[in-house]
Amino acid sequence: MFLVNNSSTAPAILAQQNTRNVRDPLGGEKLYRNDGGHFVDVSAQAGIFGSTIGFGLGVVVSDVNDDDWPDLYVTNDFFERDYLYINNRNGTFSERIQQEMPATSYSSMGLDIADLDNDRRPDVYVTDMLPENDYRLKLMSAFESWGDYQAGLAQGFHDQFQRNTLQHNNGNGTFSEVGQLAGVARTDWSWSALIADFDLDGRQDIYVTNGIARDLTSQDYLAFLGSNETIRAARAGKRVDFAGLIAPMTTTPLPNYAFRNAGDLTFSNASAAWGVDAPSFSNGAAYGDLDGDGAIDLVVNNINQEAFVYRNNARTQFPKNHYLQVKLDGVGPNPFGVGAKVTLRTKNGLLFKELMPTRGFQSSVDYVLTFGLGPIDSVDRLTVNWPDAWQTIRRHIAADQRVTIRQSEGGVIEPDDFDEDEKHGPTLLFDVTDSIGLDFVHHENAFVDFDREPLIPKLLSTEGPLVAVGDMNGDGRLDIVATNDCAMISGNTPSYAVTVMLDASR
């Protein structure tokens, strides 16, 4: 059992120092090993951080590196980085967020991990608090200075940005952050994230809950709170008038988001079209087929408001889209088959899900796995890889039904009857750097653009060197010319060091 904790120390009084390896006796994440019904805290020896700087909000279990051992992703609010725990298959974990993900969300909230592009690799989606429209962006957001950002990097807090992040699993121990390219980076003050195929078209979509009861990061309110007049009034009596300080804080209900998967790692906002854009203060959310029609429905928790229960009408609105539901029947102390991986092979490719019910934000989803099949009316092969390394295979299954797969009927793992390209998708380009001797490394000079132009959105001086391609020595083969750092010499004339790489191929 893995337990997520939020720090008992207020972040405003907590020094931004890396005390990640110092365990907090009052909190911190904990891993309990089940010794036959008795649980033992093995956090420290398993490599699980449990410090006072960990403001844990979400956790999802997934086999992100496809070695059949479950890994963990933990989201942390505030300055501490998220944790990606890779299972070492010996009772310990290695935290590898910096090695595998180039950048993460800053105020990480909820998350989900699932295959978004049908390549059988789990991708990671994490929610943050970046508003979509310009007014909310200016009103609710404050960004750290370049100096503070660099200080955080020096402390080991990693590259973090205030936006939702979508980590595309590259299948080689690395992820590419594509949230902005995918169109899912801005959903305001978000909590839960759920990935599922809501329209049953064979591509998994994203649902995000949104809203907070008070606009506590409003720049107008912070200016009011920090004014001398407000401070004097608060200190006038024997006790601070906290209710009087909170009352001027505005309240803004916000719509939740539904993103429809376009099939090319981009998404369109379908919130209004799908009827889930009612303004609210939503946080926890779960899905399950409540009416048994084959389409998963939604239950959403709200603050100071009744819960939303959304019936999914995909079966009537998209009658050509089919589905298949898989119910797993495990053995022993795991009757639901938690941890199993299910792969469907159809004539249009592969569909993949993991049975890990804890998803989103402080919520658990249905144990029945619902696959959207789109126009496909049958499944060629259904494969269940159970947590005990056994496997169950069923072939030629008709769509639009719920099938029960029993672990007791499984056997030893059989080789997949599809090649690696079909399993993970073909690649267009291949990395040949090591084989051709192109060992050039560009070293950037230390120049901070923001010191001269504080309003520019990003550094322009770090976009790499000038590069040209041409036949430098007239042998009929293309060579590469790359410039190194620019140094200012007498007369303020730029001087470049040039590296020429000649093509030695025959």
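Two strands count as paired if DSSP finds at least two bridges between them. Helices (H or I, at least four residues) and strands (E, at least two) are themselves DSSP runs, numbered from the N terminus.

## Ground rules

This is a predicted model, where local features need pLDDT of at least 70 and side-chain atom pairs count only at pLDDT 80 or more, while totals for chains, interfaces and linings use all residues. Residues are numbered from 1 along each chain as its sequence is written, and side-chain values use heavy atoms, leaving out hydrogens and water.

Let's start with strand E14, residues 190-196. Here "buried" means under 20% relative accessible area, "exposed" means over 50%, and "partly exposed" is anything in between (1.4 Å probe, protein chains only).

E14 pairs with strand E15 (residues 205-210) in the antiparallel sense, over 5 bridges. Look for Leu194 in this pairing: its bridge partner in E15 is Tyr207.

## Strand E22 and its two neighbours

E22 (341-346) is another strand that is largely enclosed by the rest of the structure, since 5 of its 6 residues are buried. It pairs with strand E23 (residues 349-354) in the antiparallel sense over 6 bridges, and the two form a hairpin with 2 residues between them. Within this pairing, Leu344 has Leu351 as its bridge partner in E23.

E22 also runs antiparallel to E27, joined to it by 5 bridges.

## The nonpolar cores

A nonpolar core here is a set of buried Ala, Val, Leu, Ile, Met, Phe, Trp, Tyr and Cys residues joined through side-chain atoms within 4.5 Å. The largest has 20 residues, and those with the most contacts inside it are Leu324, Val326, Leu328, Val342, Leu344, Leu373 and Leu382. The elements giving two or more residues to this core are strands E21 (322-329), E22 (341-346), E26 (369-374), E27 (378-385) and E29 (401-406). There's a second, separate core of 15 residues, which includes Ala196, Ala286, Val300 and Phe308.

Not counting residues up to four places away in sequence, Leu373 has contacts (heavy atoms within 4.5 Å) with Leu200, Asp201, Gly202, His322, Tyr323, Leu324, Leu344, Thr346, Leu351, Val379 and Ala399.

## Salt bridges

Side chains of opposite charge can pair when their charged atoms come close. Taking a salt bridge as a side-chain nitrogen of Lys or Arg within 4 Å of a carboxyl oxygen of Asp or Glu, the count comes to 23. One of them joins Arg81 and Glu95, with the closest N and O atoms 2.7 Å apart. Arg81 sits in the loop between strand E5 (71-76) and strand E6 (83-87), and Glu95 in strand E7 (residues 93-95), 14 residues apart. Both Arg81 and Glu95 are buried.

Arg359 and Asp112 make another salt bridge, at 2.5 Å between the closest N and O atoms. This pair links distant parts of the chain, with Arg359 in strand E24 (residues 358-359) and Asp112 in strand E9 (residues 111-114), 247 residues apart. Both Arg359 and Asp112 are buried too. Asp475 and Arg477 also meet in a salt bridge, at 2.9 Å from N to O; Asp475 is partly exposed at 30% relative accessible area, and Arg477 is partly exposed at 27%. Elsewhere, salt bridges that share partners join Asp63, Asp66, Asp68, Arg120 and Lys341 into one network.

## Loop residues worth a look

Asp66 has a positive phi of about 60° although it isn't a glycine. Asp66 lies in the loop between strand E4 (56-62) and E5, partly exposed at 29% relative accessible area. Arg89 is another non-glycine residue with a positive phi, near 65°. Arg89 belongs to the loop between E6 and E7 and counts as partly exposed at 49%.

Asp188, in the loop between helix H5 (179-182) and E14, counts as buried at 5% relative accessibility. Leaving aside neighbours within four places in sequence, its contacts are Asp128, Met129, Leu130, Pro131, Arg136, Asn210 and Leu254.
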